[in-house]
Amino acid sequence: MEFATFADHCAAIEAEPADLEITAHVADLLTEAGTDLEVVARFVQGQVFPAWDGRKLDVGPRTCYEAIARAAGPNVTDDDVEDDVASVGEIGAVAAGYEFGGQAGLGAFGGGAASGTGALAVGEIHASLEALATTDGDGSHGTKVDRLFSLFNRCTPLEARYLARLVLGEMRIGVGFGTVRDAIVEAFDVPVEAVVRAQQVSNDYGRVARVARADGQAALEGLTLEVGRPVQAMLAQAGTVTDALEAWGDAAVEWKYDGARVQVHYVPGEGSWVFSRNMEDVTDALPEVVEFAEDTIQCPVILDGEVVAVDDAGTPLAFQAVLRRFRRKHDVARAREDVRLTPVFFDCLHVDGEDLLEAPLETRHERLTELLGTASAGTSAGEAPNLAVGGGPANRWFTDDPDRIEAIDAAALEAGHEGIMLKDPTSTYDPGRRGKQWLKRKPDVETLDCVVTGAEWGEGRRATFLGTFEVSVRVADTGDDGAGGYATVGKVATGITDETLAALTERLEGYIRTEDGKTVDIDPAVVFEVGYEEIQPSPTYDSGYALRFPRFVGVRADKTPGDADSLERLERLYADTT
Ligand code: AMP
């Protein structure tokens with residue numbers, strides 16, 4: 001396809017406000033693309049390479065301005081181009097404003113594939129940009145400018161508009177992934193589900209378009225994952241325990257590790273690849289991950305997980321420590337001595353020739369367990385994977401019990417991690433999707449300072465400690481004595497270690513007013529900071545409200561009961577969220 005034809009289509013698409021019409025235009029473009037179909041399907045989204053492909057053009061604005069200025073003739077400088085971009089606001093319109101052509105120069109003769117004459121072809125531009133992406137090292141800036149110059153020098157204004165945007169990754173003609181998906185459906189008469197799935201496994205709309213055109217639905221359905229080519233990571237939304245349990249009945253609960261996402265591809269004897277969340281190849285920076293795969297796994301796999309920086313005891317370090325290692329290109333061995341990384345895996349997408357994207361999480365969990373063993377599934381919430389040993393499976397519990405989930409969350413926080421992830425046990429792995437199947441538990445909205453007005457003695461090992469604490473908010477003064485009162489809002493039982501329980505018991509014992517079996521009434525004296533997921537109207541407590549999933553954050557030693565939060569504030573917070 002001639003690049004001029006491509007540019008004409010882009011102009012028509014850009015001028016079109018209606019989504020359906022845009023899709024129809026893109027479908028026409030794909031139908032007319034001929035042998036350039038793969039490239040056209042990418043270019044129209046502003047991409048030069050498939051999404052899985054780590055190559056980058058690495059052309060900064062100044063390089064592009066320099067090439068444009070040179071093609072525009074001796075009266076235009078790089079600074080002129082830069083100034084024009086600053087006043088016009090985008091490179092396309094600026095590039096389209098110059099007269100190109102006829103500038104002889106080094107690049108016109110030395111620009112390799114692009115130094116031809118006559119009309120520019122899409123394939124020729126693609127070949128030239130591919131060569132540009134591999135230009136590296138000393139003198140690469142000059143070579144890049146030469147190559148771009150020889151392309152711009154042959155552009156009409158309309159071509160220059162879209163070439164400049166393509167090169168700088170600023171296509172912006174209103175064509176996103178969804179448009180290309182629908183255009184492939186329309187152009188080649190294939191079902192949308194087949195296109196979505198094929199895109200997920202191949203991670204390349206160019207290839208999907210070609211396969212759809214050549215062999216239709218059956219061929220799309222035959223596409224499989226390839227070990228070594230990254231797929232997009234499945235993402236999470238924020239959500240609550242209530243959301244999860246109401247929607248799914250039970251949930252897979254995992255710690256949310258505070259590290260960096262990694263997708264590990266491994267074929268024994270052939271190679272290992274580690275990709276970041278954005279599918280960048282970070283293998284060389286993370287030798288521990290490669291070693292883990294080599295030592296542990298005996299068949300081809302694609303695993304999804306997180307690398308965490310840990311100290312010698314396996315305690316996680318701050319996220320910044322991971323960053324110091326993650327994209328490092330030099331001195332990896334030395335950096336490794338300073339910061340140790342450990343991978344934890346929470347998913348597997350491929351095992352030994354079998355793709356698992358469409359298998360439910362429960363099945364993927366079994367496969368992961370077969371590969372890596374169990375971290376602590378089915379054991380008590382406090383048990384953690386041993387991060388000191390150099391990697392392994394993430395811990396995961398399947399449960400419908402909110403108290404258990406609460407305890408897992410508390411243990412994760414105590415171990416220095418971010419909290420928990422809740423996943424639908426029946427959900428498939430949807431690459432690139434930020435759906436409701438994976439929920440990262442929302443951090444507490446705002447904490448409340450509540451007065452402890454009661455408690456219960458614990459059981460078993462904790463029989464000598466006060467355990468569950470009844471907490472209350474302050475009610476405005478009513479009586480003549482100005483004392484006011486307190487109204488209960490919930491019971492706090494989680495987020496408290498044995499050590500803290502012992503200290504709290506000692507502190508509160510002196511204020512016990514009455515005891516009835518295990519239950520005690522406590523004179524208002526101590527203020528707790530309490531976290532919670534949400535406030536709900538409830539007849540259970542005197543205040544008329546209940547805190548959902550109340551959690552002990554700390555003692556407000558600086559506050560007296562008179563400084564605790566009031567019922568009025570509770571009502572206001574509730575009103576703000578409804
Ligand atoms: P966020 O970056 O806040 O949107 O949270 C999602 C990220 O949490 C993922 O991309 C992972 O990098 C990370 N993460 C940590 N632990 C888990 C886990 N158990 N399951 C899924 N993602 C996790």
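Two strands are said to pair if DSSP finds at least two bridges between them. Strands (E, at least two residues) and helices (H or I, at least four) are DSSP runs, numbered from the N terminus. The structure is a predicted model, in which local features need pLDDT of at least 70 and side-chain atom pairs count only at pLDDT 80 or more, while totals for chains, interfaces and linings use all residues. Residues are numbered from 1 along each chain as its sequence is written, and side-chain values use heavy atoms, with hydrogens and water left out.

Strand β3 (residues 260-267) pairs with strand β4 (residues 271-275) in the antiparallel sense over five bridges. Within this pairing, Trp273 of β4 is the bridge partner of His265. The two strands β3 and β4 form a hairpin with three residues between them, and Gly269 in the turn has a positive phi of about 80 degrees. Strand β3 also pairs with strand β5 (residues 301-310), again antiparallel, over seven bridges; here Ala260 stands opposite Val307.

Eight of the eight residues of β3 are buried, so the strand is largely enclosed by the rest of the structure. Buried means under 20% relative accessible area, exposed means over 50%, and partly exposed lies in between (1.4 Å probe, protein chains only). In a regular strand the side chains alternate between the two faces of the sheet. In β3, Ala260, Val262, Val264 and Tyr266 point one way, and Arg261, Gln263, His265 and Val267 point the other way.

Five of the six residues of strand β2 (residues 251-256) are buried, so β2 too is largely enclosed by the rest of the structure. Strand β2 has an antiparallel pairing with strand β9 (residues 396-399) over four bridges, where Ala251 stands opposite Thr399. A further antiparallel pairing joins β2 to strand β10 (residues 419-423) over five bridges, with Val253 opposite Leu422.

A ligand has 13 residues around it, of which Glu254, Arg261, Glu306, Lys423 and Lys440 come nearest; a residue is near a molecule if one of its heavy atoms lies within 4 Å of it. The shell around the ligand divides into five nonpolar, no polar and eight charged residues. Asp, Glu, Lys and Arg count as charged, Ala, Val, Leu, Ile, Met, Phe, Trp, Tyr, Cys and Pro as nonpolar, and the others, Gly among them, as polar. A polar side-chain atom of Arg277 lies 3.2 Å from an oxygen atom of the ligand. For Glu306 the corresponding distance to a ligand oxygen atom is 2.5 Å, and for Lys440 it is 2.5 Å.

Notes
A polar contact is a pair of N or O atoms within 3.5 Å; within protein, one must be able to donate a hydrogen and the other to accept it, and residues adjacent in sequence count only if both atoms are side-chain atoms.
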